[in-house]
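User: Please take a close look at the strands and how they pair. Start with the wider setting, then go into the detail. Where should the coordinates be read with care?

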Amino acid sequence: MEVFEHLATGFLAAGSLQNLMFCFIGVLLGTLIGVLPGIGPIPALAILLPITFGLDPLSALIMLAGIYYGAQYGGSTTSILVNMPGEASSVVTCIDGHQMAKRGRAGAALAIAAVGSFFAGTIGTIFIAAFGPPLSAIAQQFTSPDYFALMLLGLIMAVVLAHGAVLKAIAMVLIGLLLGLVGTDINTGLTRYTFGISGLWEGIEFLPLVLGLFGIVEIIRNLENPPPPREPINTKFRDLMPNRQEIREAYPAAIRGTGLGSILGILPGGGAVLAAFASYTLEKKISRKPAKFGSGAVEGVAGPEAANNAAAQTSFIPLLTLGIPSNPVMAIMMGAMIIQGIQPGAAVMTTRPDLFWGMVASMWIGNLMLVIINLPLIGMWVRLLSVPYRLLYPAILLFCAIGVYSTSTEPFMMVLMIVFLIFGYILLKLGCEPAPLVLGFILGPLMEENLRRSLVISRGDPMVFLERPISACLLVAAVLMIMLIIFPQFRKKREEAFQEE
Amino acid sequence: MFANLLKPTRRALLALAAAAALSPSLASAQTDYPNKTITFICAFPAGSGADVLVRYFAERVSKVAGQTIIVENKPGANGNIAAEYTARAKPDGYTVYVHAGNSTAANMWLFKKPPIDVAKDLRGVQFINKQPFMIAVRKDSPVRDINDLTALIKEKGGDASYATTATSGKVLGAVYLQLAGLQAVEVPYSTGPDALNDIMSGALDFAVLDPVFALSQQREGSIRILAVSSPERMKSTPDIPTMKEYGVNIDQLGWWGVFVPTGTPDDVVNKLNALFREVLETPETEKFLNGFGGDVFIGTPEEVQDLLVKTVEQWRGYVELAKIPQN
């Protein structure tokens with residue numbers, strides 16, 4: 001079996017002492033971020049990005065991936081114990097997880113969440129190993145028109161699946177696309193929208209943008225609305241064992257959640273948050289006792305926890321095979337890869353098999369680490385909630401500033417960060433979620449290049465997008481997606497689905 | 001063991017030869033340079049491929065110089081920011097710019113108002129490597145060599161198309177078409193991997209690629225390299241013919257060099273030249289630079305300056321020919 005051979009390569013690369021260490025640091029930091037309310041995975045990855053520059057590419061990616069799925073774990077701990085979701089994909093875990101805790105089943109809920117996540121992580125890893133190579137073979141057939149169609153579909157999906165108002169999501173994507181156009185135009189070599197500022201010649205730098213929009217704005221958001229202090233429910237290690245009834249209810253839900261999460265993770269625009277919500281809705285719908293949900297249903301913990309972790313894993317597939325980020329977290333991972341000199345895409349698997357398989361293997365190792373470090377350390381994570389913000393916020397602020405300045409010793413980059421900080425604050429006040437903006441910013445220049453290239457190759461004939469089967473199918477899918485937003489029946493459903501937040 | 005000690009290795013001999021060649025100037029100058037931390041300027045962001053190259057030399061030169069060397073990344077404006085920073089620095093040999101000479105020279109013509117006069121404001125110290133750009137076709141293309149390619153493009157009239165990456169690729173493509181009296185549509189790509197699927201799909205007739213990407217893809221078996229743009233065959237790729245061998249008179253060489261501000265004293269420049277030479281002559285460096293698709297390139301400060309002046313002149317014509325607009 002070739003899959004196992006590949007996985008062996010991966011485990012060899014990921015199993016080196018150095019990479020194990022960075023995997024450990026990653027999941028530990030991820031758990032920490034997941035536990036601390038206010039800092040989600042996107043700002044966390046943005047803030048921690050600069051410290052990975054000195055590492056070799058595999059170690060850097062292992063650590064960043066660890067932060068991402070570690071955050072999914074950490075978030076569930078505070079959701080259950082404190083009814084305070086550390087990050088968005090744990091919001092649904094609060095509903096039934098905290099109710100379980102109130103009934104004295106906190107330990108069981110934590111164990112179900114952790115083991116369910118580990119199970120999902122394992123399946124997710126196998127999923128990547130099995131579907132990565134065939135998908136990457138398909139990816140090698142992708143030419144410029146196909147890429148353009150795929151990115152168009154991705155952006156439309158991002159709008160359909162974004163939280164909140166559709167109009168705001170569209171606006172964010174469009175602003176992202178426009179910001180992506182700044183810099184030297186590849187076709188003519190002329191610069192656009194640079195206003196004579198030499199720091200903008202090569203486009204807006206990714207790091208000041210994400211740190212400004214996410215990292216620092218997050219602090220301001222928390223300063224304006226300080227999270228209320230809440231009393232955690234005490235729990236002891238020996239209370240962790242779920243009873244028989246709970247296990248019987250949990251495992252089918254975890255399996256369904258894993259399946260759902262794995263698929264939603266791959267889709268453009270999907271990801272952990274969507275998977276968790278979708279799984280909760282599914283469990284409630286197929287349950288024989290839907291009334292139980294909201295008052296401590298085990299399925300309501302097992303399903304979404306498995307789903308968000310599975311999706312966190314499989315959302316790496318489009319990035320690693322097609323070079324297209326399916327959600328904003330993956331957009332940041334893509335930025336990290338490019339900074340490391342790796343162009344994400346089908347070529348990664350053939351030219352750097354150690355990198356691809358090492359990352360896949362590290363995800364499984366990281367998941368195992370998470371179960372081992374998280375369950376015994378629950379007491380410590382809960383105590384972390386009492387770290388005063390007057391220490392936490394200046395530290396994060398300093399970290400952002402050092403991060404931006406150290407990558408290019410240009411004062412202009414700091415100015416840029418401040419500009420995006422102000423812009424991010426305005427967006428916050430307007431209730432606009434900036435995540436689709438990052439996706440538009442990353443995909444915009446690629447979309448433009450592929451669009452113009454397709455038309456140059458076809459000598460200006462737009463039919464090129466419909467003549468190629470891959471691009472035609474993707475464009476049809478994009479049109480279907482647009483119809484889904486326009487038709488009122490679906491729009492209502494979409495609003496319902498996001499209401500539970 | 002003793003036999004080993006006595007056996008003159010190639011490396012030892014080269015080092016001796018280098019020392020002998022340099023000793024007169026060193027003896028007369030009596031410089032104590034370097035006696036403090038040196039800064040290497042890199043025009044690319046930290047962690048990029050070119051940054052790896054600069055950091056390799058920072059580490060190796062630091063060992064032979066016995067001084068700490070730090071790398072400062074000053075990316076932006078196609079290298080202009082770093083070049084200007086170097087030109088304005090104190091000319092004492094402690095601010096050293098390690099960059100592509102052809103790119104530095106090209107910037108004189110790619111900008112309406114270049115911030116420095118490259119040949120006047122910078123002083124060449126040493127070469128690093130030379131690398132050609134490459135013309136390639138997909139593996140199952142009927143084209144066997146440049147003559148076939150020229151015939152194919154002629155047959156297609158103006159309808160042939162080709163991929164280019166980087167300004168050097170644009171220029172090589174345009175010069176080839178002009179010298180061979182051909183016309184074709186250029187499709188610019190920002191990196192080699194972006195272009196790969198379009199090349200493989202048969203939508204493009206040929207591609208002008210950077211050596212690192214072209215060589216790795218030739219090893220993968222997805223493309224065949226037809227020719228290099230350098231005037232002579234490369235030492236690291238002796239089986240790839242030059243464009244000149246097909247009667248297309250192209251002499252376009254990419255090269256990396258070491259530069260300091262103009263006023264830097266001779267003895268400091270000579271010492272720095274020698275330090276780099278010592279690093280360049282090691283087999284590790286040769287292997288490292290071959291990984292970047294080029295050959296080791298060693299010379300005197302005068303040779304570097306001459307090539308810089310020549311490259312600036314060459315690029316004036318190139319930019320006009322390839323119709324690259326100025327910024």
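Analyst: Of the 501 residues of chain A, 58% count as buried. This is a predicted model, and every value here is computed from it. Chain A is made up of 22 helices and two strands. Its accessible surface comes to about 19,800 Å². Carbon and sulfur atoms account for 70% of that surface. Take the contacts in chain A between residues at least 6 apart in sequence: 79% of them join residues at least 24 apart.

Ser471(A) lies in helix H21 (residues 469-486) of chain A. Its relative accessibility is 0%, so Ser471(A) counts as buried.

Next, confidence. Chain A has a mean pLDDT of 81, with 89% of its residues at 70 or more. Among the elements of chain A, helix H18 (residues 411-430) has the highest mean, 91. Helix H22 (residues 488-499) of chain A has the lowest, 61. Chain B averages 85, and 90% of its residues score at least 70. Residues 1-29 of chain B are another matter: there the pLDDT is below 50. Beyond near neighbours in sequence, that stretch has 11 contacts in the model. Where pLDDT is low, predicted coordinates should not be read in detail.

The chains meet as follows. 30 residues of chain A are in contact with 34 residues of chain B. The area buried between chain A and chain B is about 2,600 Å². Carbon and sulfur atoms give 52% of it. Trp201(A), Arg453(A) and Arg459(A) supply 20% of the area that chain A buries against chain B, more than any other three residues.

Now the strands of chain B. Strand E5 (residues 134-138) of chain B has five of its five residues buried, so E5(B) is largely enclosed by the rest of the structure. Which strands does E5(B) join through bridges? One is strand E8 (residues 206-209) of chain B, held by three bridges and running antiparallel. Here Met134(B) has Leu209(B) as its bridge partner. Another is strand E9 (residues 223-228) of chain B, also antiparallel, with five bridges. In that pairing Ala136(B) stands opposite Ile225(B).

Chain B also holds an open sheet of six strands. The order is E2-E1-E3-E10-E4-E11, and the pairing is mixed. Strand E2 (69-73) and strand E11 (295-296) of chain B form the edges, each pairing on one side only. Within the sheet, strand E3 (residues 95-100) and strand E10 (residues 253-261) of chain B pair in the antiparallel sense. Four bridges connect E3(B) and E10(B). Val98(B) stands opposite Val258(B) in E10(B).

A helix lies across this part of the sheet. Helix H5 (residues 101-110) of chain B lies across E3, strand E4 (122-132) and E10 of chain B. H5(B) runs at about 90° to E3(B).

Technical notes:
Residues are numbered from 1 along each chain as its sequence is written. Chains are lettered from A and ligands numbered from 1 in the order in which they are written. This is a predicted model: local features need pLDDT of at least 70, side-chain atom pairs count only at pLDDT 80 or more; totals for chains, interfaces and linings use all residues. Side-chain values use heavy atoms; hydrogens and water are left out. pLDDT is the predictor's confidence in each residue, from 0 to 100. Buried means under 20% relative accessible area, exposed over 50%, partly exposed in between (1.4 Å probe, protein chains only). Two strands pair if DSSP finds at least two bridges between them. Contact means heavy atoms within 4.5 Å. Axes are lines fitted to C-alpha atoms, for helices over the stretch in contact, and angles run from 0 to 180 degrees between N-to-C directions. Accessible areas come from the Shrake-Rupley method with a 1.4 Å probe; for residues, only the protein chains shown count as cover. Buried area is the accessible area (1.4 Å probe) that two parts lose on being put together, summed over both.
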